[in-house]
Structure formats: C-alpha cells, structure tokens
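Here's a quick tour of some helix packing and a few charged pairs. Have the model open while you read.

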Amino acid sequence: MTKRLVLITIFSIILSAMVFAYIFRTPLLQFSAQKGYGTAAKAFLLMGADPQANNNEALQSAFQGGHTDIVESLIDHGVNINTYAPMMLLRAINTGNADLARLALDKSNYNLVCRNKLMQMAEKSGHKDLIDVMHQRIRPKPSLCTTEDMAPSPAEAAAQAGDYATALTLYKKSADLGFAPAQNDLGILYSQGLGTEQNPSEAFRLFTLSAEGNYPAGQYDLATAYELGIGTDINYAEAFENYKKAADGGYPKAYNGLGSLYLYGNGVTKNPETAMQWFKKSADIGDPEGENSIGWMYFAGEGVPKNIAEAKNWYQKSADRGDATGQSQLGWIHTHFPEFQDYAKAMKLFQLAQAQGNTAGDNNVGYLYENGLGVKKDYAAAFQAYQMGASRGSALSMFNMGRFYDQGLGVPKDPDKAKMLMKAASDLGNRDAQNWIQSH
C-alpha cells in the first residue's frame with residue numbers, strides 16, 4: 001500500500017509538472033532562450049510554445065546570448081529572421097560568433113553587398129572565421145543591387161523626410177534590442193531635439209551604448225560629446241580615445257576629430273604637424289571636413305605659414321562637394337580679400353550655404369545686402385537674412401537684428417526689441433552685444 005502511494009505521488013508530481021510546463025510553455029521557452037537551455041527550449045517548442053510571442057522575445061534573447069542552437073530551433077519552428085538579421089550580424093561581429101553569422105545569412109534575405117556597413121565592420125574585427133563566413137555568403141554581385149536593396153531603412157527614410165517622431169519610434173525599437181547603429185541615430189535625435197525634447201544626457205547614454213557595441217559612428221559621436229561637453233563634462237582624454245577607436249574602425253570624420261585635438265593640444269601634446277597628417281588623411285578620401293580644416297590652418301596661420309591662396313584652394317575643394325562650411329568660407333575670401341574679390345560669386349556661395357541651414361551663410365548674405373556689395377543696398381533683404389540666422393540660433397544674427405531695430409534700418413526703430421535681441425545675443429557670448437549693453 002505504501003509503495004503504491006509513493007508511485008501515485010510521483011506520478012501526480014510528474015503530471016502536475018507536465019501540466020504546468022504545458023500551460024506556461026511560452027514564458028518557459030523565453031526563459032530557456034535567455035538562459036541558453038537548448039534542450040528545454042526544444043521541448044517547449046514541441047509542446048506548442050509560441051516562438052514569436054512578445055515581439056520575438058525568445059529569438060532576441062537567444063541571439064544576444066549567442067545561443068545558436070536555440071536560434072536554429074526557433075527558425076525551424078517558423079520564426080522569420082529577416083528583420084533581425086542585421087542585429088544578429090552585429091552581435092556576431094562583436095563576439096566573433098561565426099555560427100551566428102552563418103545562421104543570420106543562410107536563413108534570411110539580408111544583402112551584404114548592397115548594405116555593406118556590417119561587412120566593413122566584420123573585416124575590421126579580426127575574427128577570421130567570421131570574416132570567412134561572411135565573404136562566402138556575399139550576395140548578389142554589386143552590379144545586381146536594386147533600388148530597393150539600396151533604399152534606407154524605414155527609420156532612416158522617416159528621418160530623411162523630416163518625420164522625426166516616426167523615426168524616433170522606429171529607432172527606439174531597434175535600439176532597445178541592442179542594435180548599435182540605431183542607438184547612435186537615436187542619440188543624434190535626442191542631441192538635436194528632433195522628434196522629441198532635446199536631452200543631452202540621454203544622447204550621451206545612447207552614444208555610449210553604441211560605442212560599446214564597437215560601432216565607429218557611435219564612437220565618433222561619443223568622442224564629440226566628450227570634446228564639447230554634450231550630456232557630460234568635457235573630457236579630452238576620453239574624446240581622444242574614442243576618436244582613435246573610430247579612426248581605427250575606418251570612420252573618416254574621426255580623422256578630422258583627432259586632427260583638431262592635436263592642433264589645439266586638447267588631451268594630447270599640441271602638434272600641428274600631426275594635426276595636418278590627420279586632416280590630410282581625411283581630405284585624401286574626399287571628406288570635406290578635412291579639406292575645411294586644412295583650409296583653416298592656412299587661413300589662420302595655425303601651425304603653418306598663413307597662405308590665403310592655399311586656404312582658398314582647399315575651401316574650393318570642399319565647396320565643390322557641396323559642403324556648406326566650405327561654401328561659406330570660400331565666399332568670405334571672395335568678399336574680404338582684394339586679390340580674390342568677387343561679390344557676385346560670394347553671394348552665390350553664401351546663398352548655397354544658407355540653403356543648407358548654415359548661419360554663416362545667413363549673416364554674410366545679410367552683410368552683402370546691408371552694404372550693397374555686388375547687389376543693390378537693401379536693408380529689408382539684409383534684415384530677412386539676419387532674421388533667418390537668428391531663428392537658427394546664431395548670436396551674430398541676433399546682434400545684427402538688434403542693431404537694425406536700434407538704428408531703424410529696414411524696420412521701424414524699436415528700442416525694446418533691440419534690447420531683447422542684444423540680451424539674447426549677449427547670453428550666447430556675443431562680445432559686440434555685450435559691449436552694446438554696457439554702453440546703453
């Protein structure tokens with residue numbers, strides 16, 4: 001009787017466990033995927049667990065943990081990984097997991113040639129087995145890439161269309177999954193207040209996550225945050241370290257960042273020659289920021305003999321690429337240096353820069369109209385240009401608008417508006433506005 005009771009008790013326990021496992025098979029599958037319990041995960045799938053529950057939580061946990069056997073089981077039970085392939089590849093690159101990369105590519109339609117950012121990251125990772133796997137699976141040939149293949153992601157498309165609220169939502173979904181490129185793009189939105197309130201601290205947090213994911217653009221933006229004090233204290237040593245990581249990852253803008261640190265001796269020993277080497281490395285691959293930096297060195301005589309002709313040549317290169325800073329600087333040379341003076345050309349360059357939101361372009365268009373240089377003197381047109389610059393946050397434009405209200409140039413005199421604008425410009429550090437306030 002006792003033996004029979006024991007058997008009944010054991011049977012009851014087993015049955016209860018089986019019933020429990022069946023009822024909670026889906027959350028238990030997710031738990032097993034998180035912990036890497038491959039055999040248990042397969043059992044819960046055979047019991048009919050939903051492999052796609054909670055936005056594919058089991059898949060996300062499995063590939064983040066590098067549990068390729070569970071990822072494969074989920075795929076075998078109908079999970080479509082096309083959406084997750086880039087994130088799986090990024091995780092594989094960061095961890096050197098060739099098997100995870102193989103699954104991501106063999107079981108999805110992800111195109112390594114047409115969307116080759118991750119391919120470039122893999123080649124710089126040093127994980128030979130991973131690189132071999134990805135090279136063996138490159139498809140199709142570059143010449144076969146279609147417009148659809150090359151199209152931006154939905155988040156990128158929304159941002160390009162100016163729909164930052166939608167972009168924010170889409171980037172956040174990918175960022176929450178640990179996708180470093182999305183974390184960086186989301187950080188940019190928070191940094192600039194696009195689609196949300198400006199939040200430098202959140203931007204800094206996201207840049208840090210992206211950089212920790214070995215994403216060169218994230219490392220660059222984190223370095224910039226440290227250099228400028230965006231969401232954190234200024235730390236030139238951290239800026240240098242992250243610019244260097246981004247540069248080692250082949251990110252061209254980082255060359256220019258390193259050059260700036262060496263030029264001014266921020267976080268490193270000042271060395272204009274080394275700065276020039278980094279700027280030239282940037283310029284050699286067609287980066288207008290590098291060209292502008294070399295132009296500035298010759299324009300200001302920073303580390304090299306002052307040479308306006310040479311500065312003009314470098315700004316011309318940048319302007320020819322459509323860069324607003326290059327256009328504005330080149331226009332300045334055509335305005336203020338007699339040997340290159342050409343007001344018509346300067347106005348065209350300033351307007352091109354202005355069209356891209358460049359506040360130096362706004363101010364210089366206003367300057368030419370105000371002084372009648374190459375155009376008929378027109379205070380109303382000058383005021384309009386200054387007003388555009390002020391709306392974009394330019395302290396100089398605010399000062400110029402205040403000056404116009406003070407003197408009644410193109411607008412009725414208005415001492416109150418003049419004082420308000422001078423105060424705003426002064427608060428932003430404009431010395432002319434500060435002097436005006438002191439004298440009034």
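Let's start with Asp427, which is exposed at a relative accessible area of 53%; here buried means under 20% relative accessible area, exposed over 50%, and partly exposed in between (1.4 Å probe, protein chains only). A note on the source: this is a predicted model, where local features need pLDDT of at least 70, side-chain atom pairs count only at pLDDT 80 or more, and totals for chains, interfaces and linings use all residues. Residues are numbered from 1 along each chain as its sequence is written, and side-chain values use heavy atoms, with hydrogens and water left out.

Asp427 pairs up with Lys423 in a salt bridge, meaning a side-chain nitrogen of Lys or Arg within 4 Å of a carboxyl oxygen of Asp or Glu. By that rule the count comes to 9 salt bridges, three of them listed here:

| Salt bridge | N to O distance |
|---|---|
| Lys423 and Asp427 | 2.8 Å |
| Arg205 and Glu202 | 2.7 Å |
| Arg403 and Glu370 | 2.7 Å |

Lys423 and Asp427 sit 4 residues apart in helix H26 (residues 415–427), so about one helical turn separates them; helices are DSSP runs (H or I, at least four residues), numbered from the N terminus. Lys423 is partly exposed at 44%. Arg205 and Glu202 are 3 residues apart in helix H14, again about one helical turn, and Arg205 is partly exposed at 41%.

Arg403 is buried at 18%, and so is Glu370 at 11%.

Now for the packing. The axes of H14 and H15 come within 7 Å and cross at roughly 140°; axes are lines fitted to C-alpha atoms, for helices over the stretch in contact, with angles from 0 to 180 degrees between N-to-C directions. That makes the two helices oblique (angles under 35 degrees count as roughly parallel, over 145 as roughly antiparallel, 65 to 115 as roughly perpendicular and the rest as oblique). In the loop between H14 (200–212) and H15 (216–228) you'll find Asn214, with a positive phi near 60° in a residue other than glycine. Asn214 is partly exposed at 43%.

Elsewhere, H7 (residues 98–106) and H9 (residues 128–136) have axes within 8 Å, crossing at roughly 15°, so they run roughly parallel.
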